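This briefing is meant to be read next to the sequence and the 3D view. Please keep both open while going through the points.

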Amino acid sequence: MDWTQTLMGLYAITDQRQKPNLDLSQQVALALAGHARVIQYRDKGDDRQLKLRQATDLKRLCRQAGVPLVINDDLELAQQISADGVHLGIDDPDPARARRRLGPDALIGVSCYNSFERALQARRAGASYVAFGRFFPSATKPNAVQAELELLRRARRELRLPTVAIGGITPENGVALIEAGADMLAVISAVFAAPDVEIAARAFTACFNRAEETDR
């Protein structure tokens with residue numbers, strides 16, 4: 001399936017540490033109930049069996065919801081479970097290699113930080129979407145480079161790829177990113193650390209409705 005036509009809305013990134021006492025599948029089910037449009041499985045630990053089990057469970061949930069599952073960094077795991085795609089950082093395999101491994105329909109996402117040139121390179125290498133950020137202070141990556149709204153504006157004008165904004169995003173500041181050009185808002189803490197994951201996800205979905213109303 002070509003998922004690139006559906007890349008609009010909340011891009012929810014998992015972090016088991018946010019709610020260690022709540023099963024990750026339960027957390028993701030709540031995010032999906034709140035209309036998350038992409039789930040990214042992100043786990044920086046070394047337990048391969050745990051990752052395989054969790055990613056397989058999340059793939060099942062995402063299939064039921066009709067939402068793609070993207071694996072953060074781990075091309076091997078993405079291929080092992082036939083995930084819908086992989087998201088790559090600066091130290092990960094290049095997008096062209098990921099495309100060869102996962103096939104023509106896979107979602108290949110690339111972190112571009114604050115570099116439009118990196119986004120152009122990613123597009124040439126076959127990326128499905130690019131991510132810029134951080135835009136606001138982030139508890140997950142406090143030392144990440146600062147990205148400016150002009151990157152999103154330029155991407156809308158020139159890139160012709162779905163664009164994801166990430167970094168310290170909340171329902172209060174998300175609308176400005178969408179209006180500047182973000183197709184998706186990538187969120188960790190503001191969804192998975194929230195008292196109610198589903199309500200938090202719905203709040204981000206509402207950002208896109210507000211931005212659409214502003215454009216009318």
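The model is predicted. Its largest nonpolar core has 59 residues, and 10 salt bridges are counted. Arg-99 is buried without a salt bridge.

**Nonpolar cores**

- Within the largest nonpolar core, of 59 residues, the members with the most contacts are Ile-39, Ile-71, Phe-132 and Leu-185.
- Helix H9 (residues 197-215) supplies the largest share of this core, six residues.
- Leu-185 is in contact with residues beyond four places in sequence, including Gly-9, Leu-10 and Tyr-11, as well as Ala-165, Ile-169, Phe-204, Cys-207 and Phe-208.
- Another core, of 13 residues, lies apart from the largest one; among its members are Leu-7, Ile-13, Val-70 and Val-164.
- In soluble globular proteins, nonpolar side chains tend to be buried together.

**Strands**

- Strand S2 (residues 38-41) runs parallel to S3, and three bridges join them. Ile-39 stands opposite Leu-69 in S3.
- Strand S3 (residues 69-72) is covered on both faces: Leu-69 and Ile-71 are buried on one side, and Val-70 and Asn-72 are buried on the other.
- In a regular strand the side chains alternate between the two faces of the sheet.
- Strand S4 (residues 85-88) pairs with S5 in the parallel sense over four bridges. Gly-85 stands opposite Leu-107 in S5.
- Strand S5 (residues 107-113) is largely enclosed by the rest of the structure, because six of its seven residues are buried.

**Salt bridges**

- Arg-63 and Asp-84 form a salt bridge, with the closest N and O atoms 2.9 Å apart. This pair links distant parts of the chain, 21 residues apart: Arg-63 is in helix H2 (residues 48-65), and Asp-84 is in the loop between helix H3 (75-80) and S4.
- The relative accessible area of Arg-63 is 41%, so Arg-63 is partly exposed. Asp-84, at 8%, is buried.
- Arg-124 forms a salt bridge with Glu-117, where the closest N and O atoms are 3.4 Å apart. Arg-124 counts as exposed at 57% relative accessibility, while Glu-117 counts as partly exposed at 43%.
- Glu-158 and Arg-154 meet in a salt bridge of 3.2 Å, N to O. They are four residues apart in helix H6, so about one helical turn separates them.
- Glu-158 is partly exposed at 33% relative accessibility, and Arg-154 is partly exposed with a relative accessible area of 33%.
- A network of salt bridges links Glu-150, Arg-153 and Arg-157.

**Arg-99**

- Arg-99 lies in helix H4 (residues 95-102).
- Which side chain of opposite charge is nearest to Arg-99? Asp-105 is the nearest, 6.9 Å away. A salt bridge needs a side-chain nitrogen within 4 Å of a carboxyl oxygen.
- The side chain of Arg-99 does make a polar contact of 3.0 Å with the side chain of Ser-128.
- Not counting residues up to four places away in sequence, Arg-99 touches Pro-104, Asp-105, Ala-106, Ile-108, Gly-126, Ala-127 and Ser-128.

**Pro-137**

- Pro-137 sits in the loop between strand S6 (129-132) and helix H6 (149-158).
- Is Pro-137 buried or exposed? Pro-137 is exposed, because its relative accessible area is 67% and the cut-off for exposed is over 50%.
- Pro-137 and Gly-9 are 128 residues apart in sequence, and their C-alpha atoms are 21 Å apart in space.

Conventions:
Residues are numbered from 1 along each chain as its sequence is written. This is a predicted model: local features need pLDDT of at least 70, side-chain atom pairs count only at pLDDT 80 or more; totals for chains, interfaces and linings use all residues. Side-chain values use heavy atoms; hydrogens and water are left out. Helices (H or I, at least four residues) and strands (E, at least two) are DSSP runs, numbered from the N terminus. Buried means under 20% relative accessible area, exposed over 50%, partly exposed in between (1.4 Å probe, protein chains only). Lys and Arg count as positive and Asp and Glu as negative; His and the chain ends are not counted. A polar contact is a pair of N or O atoms within 3.5 Å; within protein, one must be able to donate a hydrogen and the other to accept it, and residues adjacent in sequence count only if both atoms are side-chain atoms. Contact means heavy atoms within 4.5 Å. A nonpolar core is a set of buried Ala, Val, Leu, Ile, Met, Phe, Trp, Tyr and Cys residues joined through side-chain atoms within 4.5 Å. Two strands pair if DSSP finds at least two bridges between them.
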